[in-house]
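Try each one before you read its solution.

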Amino acid sequence: MPLPPLSDAAWNLWAKSDKNYGDGRWLPVVAHLLDVAACAWEILNLEPERTLDLFAADYGLDREGAQRWVCALAGLHDLGKASPAFQGLWKEGAARTRRFLSFAEPPLPEPHGKVTQDLLWGLLEDPFGWPAEVAQQVADAVGCHHGRRSWVNGLPEAQCGDEKWRDAQFELTRAVLVALQVPPAPQVSCLSGPAFMRLAGLTSFADWVGSSFEVPPTPDELARTDPAAYFERAQEKARQKLREIGWTKREPLRAELPSIETVFSYIPGFSPRDLQREMAELHAGLDERPTLTIVEAPMGEGKTEAALYTFLQRQNAAGHRGLYVALPTQATGNAMFTRLSAFLKAQGRATPPDLQLLHGGTLLNETYQAELKRTRTLLHPRGNVDGDPAEAPDIRAEGWFSIRKRALLSEYGVGTVDQALLGVLNVPHQFVRLWGLGNRVVVLDEVHAYDTYTSELIYALLRWLRALGSSAVVMSATLPATSRARLLDTWRAAPGPEAAYPRLTLAREGEAAQTRTIAASSMSRTVALRPIAADVKTVADQAVALAASGGCVAVIVNTVQRAQEVCRAVIAGLEAAGEAVKTPVRGVKKGTDAVCVLLFHARYPARDRAKREGLVLRLLGREGSRPRRCILIATQVAEQSLDFDADVLLSDLAPIDLLLQRAGRLHRHEHNAERRHGHTQPVLYVAGLDAWPDAAMEDHAWQWVYAPHLLYRSWLALANREEVALPADLDALVQRVYARDWVEGDLTPERAEQVAAARRTYETRVENEGQHGQDAPIGSPEGPLGMPQAYRPDSDGEPVSDDAGAQEKRPTTRLGEESVRIVPLHRVDGTYFLDPQGRDSARLNGRTLSPETARHIYSHSLQVSAWPLVRLAAEKAPPHPAWQKDALLQTCIPVVLEGGQAQFGNLTVTLDPEFGLVYERG
């Protein structure tokens, strides 16, 4: 039987005002509820069947019944707008409502999401038959669509309304449920954590899409007289809007999975390695249950291609909807974006896949920005989303998904691990991130690069990925045995039989892990070890001597200041020897046989750092030009981020796994064998290995970068060795250094006490960081979600930007010193400029900045952590209202330089075009 038309009281409740129009138009609550329900419906219609299977399991229903209820619940997210708390927020709307319902505006109106929780809980339980606890949980999930969960314990009548209001709220609820033809209420005992995240994430996504619908000049009466017919009309609007934003059918990249050779035929000279064949065989024929794959193999073994082929296997077998590749740094993310783009393009899918780059520097990544522009130019003027062979690009970067919180909704993504870890921290809209990562393949690369705190967050993320129906691939050069055991525990898998390194481990919930050893690496090599003193002059002189007859020499040190000092000493040493020196700043006469000296670290303005990163890769990367004589001086950012090839390497003493990671840059690319200028054997010089390292750790501040305990153990593991075989010795050395029961050996009493004290400090720190990392996440998918943070009300009651709250202090994904982002400025004749010549205005005042101008200013910024600078920068900054109004610049602090310098307490800061930001402490 059709419903009677909505009463005047229910129909005249407003959801959206004329805020953006100014002509009195408005959208009824019932229309907005049905619009969002239709968006949820069409989103799910484009999902793989596996996504609906997960929703069905959440509620004990079949696919169709689950889709109807889930979309109805998503639509009811704004039922709280049918309340005195909301209706008084717009003067004209309040006047219309008062013609049918009486109310006094509460002095402090509750946010409408919170009111939704209170109203929907009771309505679902009675009269619609939901179990009380489940009704409360689903009301919580849809009510937090503006980003944060909240507790609700019965709101007063002044907020929710009296019985007449309740009648109108019931009418609206019934209209939505009838329009979606929901089956009888599910009778599950509770809503699991993963089910909560799926419902909350889908609701916010659908609300963002539905809130972008244009408000018609007059309300559509069909929503009042025939909600089911209005819902059908809204479905067409939703389909059109999803086409506009680029949300397309989630379908496999390869309908039929070809061989590895075929998939990677776009790579010149590609031939599958043993790792890639073994990993493909390990996953062949598996069912849809989520898998965890742990890949431990040395650098250069093709782990990335192995993971991508595994993704294709899992996508076909398990119905996974996409892929996210998570890396430790922006630089590694940038490099992987290029590789993943090439992979996606080569698969030849008719509808070009959407690929997003996710990290804080995406606005400065020219490749990604070019893809955004190309997508906007070629597709959307014609609405050509489905691909026209004559016009469509072979890959897309949709602008709608480039916004921070939306990016993980996209089908494919690459970026930092931090973006994924925010899904398990109590930050606004974390459930959107988790929904985006659900039923997906997530690749976590270089997991050895993280500290104890971040590692605990990774374990939490993996538990959620398993519960959300995702598969994961974890890759590392090697892992301590304890870390491997923790990874298996996240997947509820028992350890399998031991396997020698390099190895693969495959885990499925409830089963013993499968392990297998990979055949001997084709990249096997023996690296000679040479100890040298740790002082700057010795390191610099050794680099100069090694480059004298030719070759590419790399020097990787532990701090930025030391890198700057070594670079100065190298340049001075070359000039003293009568050599011409070429750097990114200074030029030399064309044809001069100059020694190219490159300095690379994290303390350059963003645009300069990007240029130096690109220069390193152009010279020493896989396809690099390789100058005859070159010296690269870098910090750990090169070790973690850059795929470069050195003929000979000097490194500061570091924890063994990181030191061997640096050694992996030696003779990395086989095709350079004929261009090594006499450095035919890989040699690693270790600064600080020549003597007991306590003095070097103190003199060069290494103990503030790495745990002295690990430095002592690494020194002891290498002190009497003349060579290291890679990869044969890699795992044994790592296991030895990180073993809890390792005995340090025959030490003098003084050294034994130093080692013992360092071990006690290390174990205390690891315990504290580990506990902090265990306490930080939202909770376990099998347990309670934890106390939500305080609810922050919307500023005006209207739907807010999904990026609102960007400046709120949030839990961190990594521990470290407090830092700030600064923009060095030059004061010229009382005005502020980005350049010392006074040509490029900093635009601190005036109107709203254009996106291009904001990006240009941001490209001069850099992150700093020196304590006096962090503490005093904001106090000494000139007013910058134009920046503070811009989403990109509002956290940037202008730092004024006089004559290229600024003083902060006892710290003198100089911006040098060659050496970057230089600190001198008084």
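**Exercise 1: the sheet**

Work out the strand order of the open sheet of three strands.

Solution. The order is β23-β24-β25, paired antiparallel; strands are DSSP E runs of at least two residues, helices are H or I runs of at least four, and both are numbered from the N terminus. Two strands pair if DSSP finds at least two bridges between them. Next, look at the edges: β23 (901–904) and β25 (916–921) each pair on one side only. From one strand to the next, the twist averages 25 degrees.

Now zoom in on β23 and β24: four bridges join this antiparallel pair, and Gln901 has Thr910 of β24 as its bridge partner.

α33 (residues 867–876) lies across β23, β24 and β25, at about 105 degrees to β23. Contact here means heavy atoms within 4.5 Å; angles run from 0 to 180 degrees between N-to-C directions, with axes fitted to C-alpha atoms, for helices over the stretch in contact.

The model is predicted, with local features needing pLDDT of at least 70 and side-chain atom pairs 80 or more, while totals for chains, interfaces and linings use all residues. Numbering starts from 1 along each chain as its sequence is written, and side-chain values use heavy atoms, without hydrogens and water.

**Exercise 2: the lining**

Find which element gives the largest share of the lining of the second largest pocket.

Solution. α25 does, with five residues.
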